[in-house]
Amino acid sequence: MVDKLSSDTLVNLLKCPKCHCPDFVNTIDQLTCKNCSATYPMIQGVPVFIDDPNQVKIIPPDHVSNAIPEETVRWLKNLDGYSLNIGAGASQTKIPTCIELEYSIFHTTDVVADSHYLPFKDNSFEAVVSFNVFEHLYEPNRAAKEIFRVLKPGGKLIMRTAFLQPLHEEPYHFYNATKYGVMNWFSGFEIENCHVSANFNPVFTLAWLSCDLLYYIEQVYGTETKNKVAQSTLSEWRELWANPTQRKGFLWETMYGLPQPVQERFAAGFELEAVKPNGFDDRTNTDLNDLDRPAQAASISTYALQERINSLETQIRAMETSKFWKLRQKWLRIKRKLGL
Ligand SMILES: C[S@@+](CC[C@H](N)C(=O)[O-])C[C@H]1O[C@@H](n2cnc3c(N)ncnc32)[C@H](O)[C@@H]1O
Ligand SMILES: [Zn+2]
């Protein structure tokens, strides 16, 4: 048995992600919002705040995630208040005052929720940590704002995320961020430091890429080709970058012969072609985020408002039926925002 926060303590920190009400009726099998009556089931004793609780995966109890650095564990244990670990996986050291939030249920999970919509009251936590999660979030900016909201003034965030890492946990690997990208996500914070932690030393970039690349080369071409690539030198690879006349021969052709799904794991970048869907009207197509700005909406005339409603209805229909996953996600987020 892991040492978890008592259900009452946890409920005191929660708020309804739909209507922001902090009061719940707490029964054994669910939490019910006292304001909007939304219900959040308890699955294996864990409150579940995601749209479709049937989708929650239960992870076998022998699963363990990466260890949190010892000094971070010590710091979290000594805090005078609660902390939050976002995308905690199954922590190796369960700290009773550190709430482990996950999208799945691991044996150490305290709350299931989407990190883009944290079900906690403002200014709740002394600290937030999140390790190896932000590359898996579809809207890291939004998740960063949520962390800002739930931290107490003076509260501290420690997070780690990917830069030069090959594709993993696809399709839920959205961003590899540069140092400047990471700082941009958290630009509302006072950033004390953004550096390469020991676990992200460049040795891991080359080691992970080589490991995955050789694996896929063997899958595609067989062991003989894999062994030949394994014996290539860094100097040979450098020539392919530095000297365009050398872009031919075994290494070059092997890499160009890899099928697209394999290239996607290691590529230097992507080319996207995209079409604006029919039914989107330029005259009235303001971004749906404008729904966040009621004062601005109120200032437009009734006619323009009617035009806008018509346009939004068309956009909503297009989003609801879109074959594009991202658009359907956007619609789900808007629905949640509107409490629909
Ligand atoms: C690579 S694992 C990292 C786990 C652990 N922090 C570690 O360092 O080993 C990423 C974790 O983020 C969780 N996750 C992904 N998207 C999430 C979301 N939107 N909200 C909450 N957790 C999420 C996944 O379930 C997964 O356990
Ligand atoms: Zn509610």
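A: The questions and answers below go through this structure topic by topic.

Q: What kind of model is this, and how are things numbered?
A: It is a predicted model, in which local features need pLDDT of at least 70, side-chain atom pairs count only at pLDDT 80 or more, and totals for chains, interfaces and linings use all residues. Residues are numbered from 1 along each chain as its sequence is written, while chains are lettered from A and ligands numbered from 1 in the order in which they are written.

Q: What is the mean pLDDT of the chain?
A: The mean is 89, and 84% of the residues reach 70 or more; pLDDT is the predictor's confidence in each residue, from 0 to 100. Over residues 290–301 the pLDDT is below 50, and this stretch has 5 contacts in the model beyond near neighbours in sequence. Two residues are in contact if their C-beta atoms, placed from the backbone, lie within 7 Å. Where pLDDT is low, the predicted coordinates should not be read in detail.

Q: Turning to the sheets, what is the strand order in the sheet of 4 strands?
A: The order is 1-2-3-4, in an open sheet with antiparallel pairing. Strands (E, at least two residues) and helices (H or I, at least four) are DSSP runs, numbered from the N terminus, and two strands pair if DSSP finds at least two bridges between them. The edges are strand 1 (24–26) and strand 4 (46–47), each of which pairs on one side only.

Q: How many bridges join strand 2 to strand 3?
A: There are 3 bridges between strand 2 (residues 30–33) and strand 3 (residues 39–43). Leu-31 stands opposite Tyr-40, and Thr-32 stands opposite Thr-39.

Q: Where is the cis peptide bond?
A: It joins Glu-170 and Pro-171, with omega at about 5°. Pro-171 is in the loop between strand 9 and helix 4 (179–185).

Q: In the sheet of 5 strands, is the pairing parallel or antiparallel?
A: The pairing is parallel, and the strands of this open sheet follow the order 7-6-5-8-9. Strand 7 (111–112) and strand 9 (151–160) are the edge strands. Strand 6 (residues 98–102) pairs with strand 7 over 2 bridges, and Glu-102 has Val-112 as its bridge partner in strand 7.

Q: Which strands does helix 3 touch?
A: Helix 3 (residues 140–150) packs on the sheet and touches strand 5 (83–86), strand 8 (125–131) and strand 9.

Q: Which residues come nearest to ligand 1?
A: Of the 16 residues around ligand 1, the nearest are Ser-65, Asn-66, Gly-87, Gly-89 and Ser-115. A residue counts as near if its C-beta atom, placed from the backbone, lies within 6 Å of the molecule or strand.

Q: What is the make-up of that shell by class?
A: The shell around ligand 1 has 5 nonpolar, 9 polar and 2 charged residues. Here Ala, Val, Leu, Ile, Met, Phe, Trp, Tyr, Cys and Pro count as nonpolar, Asp, Glu, Lys and Arg as charged, and the others, Gly among them, as polar.

Key. Axes fitted to C-alpha atoms, helices over the stretch in contact; angles between N-to-C directions.
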